[in-house]
Amino acid sequence: IFLAIPAGGLAQKFGPKVMVVAAAIFIGLGSLVGAFSSSASMLILSRGIEGIGFIFATVCGPLAIARYVEPSKVGFATGIWATWVSLGQISAFNITPVMFGSMSISNIWVVYGIAAIVMAVILQFIVKGNYGNVASSSGPKVNFSAIFGKRNLILLCLAFVTFNFVFMGGLTFAPAYLENSGMMTKSAAAFAVSIPMILSLFSSPIFGKLSDMMGGGHKKLLLLGLIVLGPSIALLFSTSTTLVYLGGVLFGAIGMGVPAMILGSVGEVAENPELMGPAMGLMMTCQNLGMFLGTSTFMPLVNLVGGNFTTAGLLLIPIALIGVLFTVMAKFK
């Protein structure tokens with residue numbers, strides 16, 4: 001939350017490639033510190049170092065795509081980029097248990113730390129050239145605070161807050177509901193809520209490709225994803241196993257196209273290449289804010305309706321529709 005906007009400013013100053021390389025280095029160093037930690041304080045410090053890398057990557061990755069990818073392919077590239085968390089989680093959850101059989105937890109951490117640093121080196125030497133949005137120094141310098149006066153950017157940020165609120169509220173608490181209600185075993189519930197992550201590996205790039213084919217038509221696809229968001233998440237709290245799986249499939253196939261469409265629209269609503277870095281930082285701040293609010297307020301919402309998770313899930317639908325309204329009000333392609 002606190003580093004996102006400064007990270008965008010640093011990307012504008014030093015270039016997004018430098019910042020993504022730095023992100024991988026921070027993540028690698030944080031992992032290595034964690035591997036050799038001998039106290040809780042050192043573990044917390046390692047997470048802080050990794051957190052710096054995480055937010056650098058979150059903010060500056062899309063900026064690097066806009067800078068180094070041919071404009072006609074930016075949508076598809078952004079769609080691929082948007083799968084990074086899902087792909088990372090799926091890979092880690094499947095690879096790590098296998099590694100436990102041959103090495104200690106600390107050594108596993110070392111392997112991942114070295115892998116991150118190796119990727120930083122590869123990135124440094126592989127990514128070259130400038131194709132897309134590059135900040136121009138020919139005009140007057142723009143004050144970063146100008147992003148708060150960009151109406152369309154603010155509306156899109158608010159839409160992203162609602163998406164992440166509903167997304168995190170649903171996927172965080174649905175597994176416990178499905179298990180405690182007796183509808184599913186722990187493993188079945190975990191699989192049900194992982195369906196959106198798995199499907200997003202395909203749906204996000206597809207949404208990006210469609211936006212390229214539509215000439216950068218992000219808004220229509222974004223509205224589609226936001227309209228599906230509320231009902232699909234609500235279905236995760238239904239009393240029917242079939243409807244739970246249907247909700248997971250709908251959210252993964254359509255709702256998870258939202259992040260790519262949001263990120264692909266930042267350059268347009270920022271209106272000025274000089275503001276793209278801070279604008280992306282503001283967007284990521286709103287992403288983290290939405291995730292925080294979703295996980296911290298969903299259970300009070302459940303208590304408000306007498307402990308009924310199904311009813312609380314239905315209440316997520318109008319919240320998602322608020323995001324639809326913000327998107328309709330924003331002017332962009």
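Here is a short tour of salt bridges, a helix pair and a surface patch.

Before you click, note that this is a predicted model, in which local features need pLDDT of at least 70, side-chain atom pairs count only at pLDDT 80 or more, and totals for chains, interfaces and linings use all residues. Residues are numbered from 1 along each chain as its sequence is written, and side-chain values use heavy atoms, with hydrogens and water left out.

**Stop 1: salt bridges**

The structure holds 3 salt bridges, each a side-chain nitrogen of Lys or Arg within 4 Å of a carboxyl oxygen of Asp or Glu. Helices here (H or I, at least four residues) are DSSP runs, numbered from the N terminus.

Select Arg 47 and Glu 50: their closest N and O atoms are 2.6 Å apart. Both sit in helix H3 (residues 40-68), and because they are 3 residues apart, about one helical turn separates them. Which of the two is buried? Glu 50 is, at 10% relative accessibility, while Arg 47 is exposed at 56%. (Buried means under 20% relative accessible area, exposed over 50%, partly exposed in between, with a 1.4 Å probe and protein chains only.)

Now pick Lys 150 and Glu 271, which meet in a salt bridge at 3.1 Å, N to O. This pair ties together distant parts of the chain, 121 residues apart: Lys 150 lies in the loop between helix H6 (105-126) and helix H7 (151-180), Glu 271 in the loop between helix H11 (258-270) and helix H12 (276-304). Lys 150 is buried at 18%, and Glu 271 is partly exposed at 48%.

Finish with Lys 186 and Glu 179, at 3.3 Å, N to O. Lys 186 is exposed at 57%; Glu 179 is partly exposed at 30%.

**Stop 2: H4 against H8**

Show helix H4 (residues 74-81) with H8: their axes come within 7 Å and cross at roughly 165°. Axes are lines fitted to C-alpha atoms, for helices over the stretch in contact, and angles run from 0 to 180 degrees between N-to-C directions. That makes H4 and H8 roughly antiparallel, a label for angles over 145 degrees.

**Stop 3: a nonpolar patch**

Stay on H8 (residues 186-213) and pick Phe 202, which is exposed at 54%. Phe 202 belongs to a nonpolar surface patch with Phe 191, Ile 198, Ile 206, Leu 210, Met 213 and Met 214, about 700 Å² of accessible area together. Patch residues have over 30% relative accessible area and no salt bridge, with nonpolar side chains (Val, Leu, Ile, Met, Phe, Trp, Tyr) joined within 5 Å; areas come from the Shrake-Rupley method with a 1.4 Å probe.

Methods
Patch = residues over 30% accessible without salt bridge, like charges linked within 9 Å, V, L, I, M, F, W, Y side chains within 5 Å. Helix = DSSP H or I, 4+ residues; strand = E, 2+ residues; numbered from the N terminus. Parallel < 35°, antiparallel > 145°, perpendicular 65-115°, else oblique.
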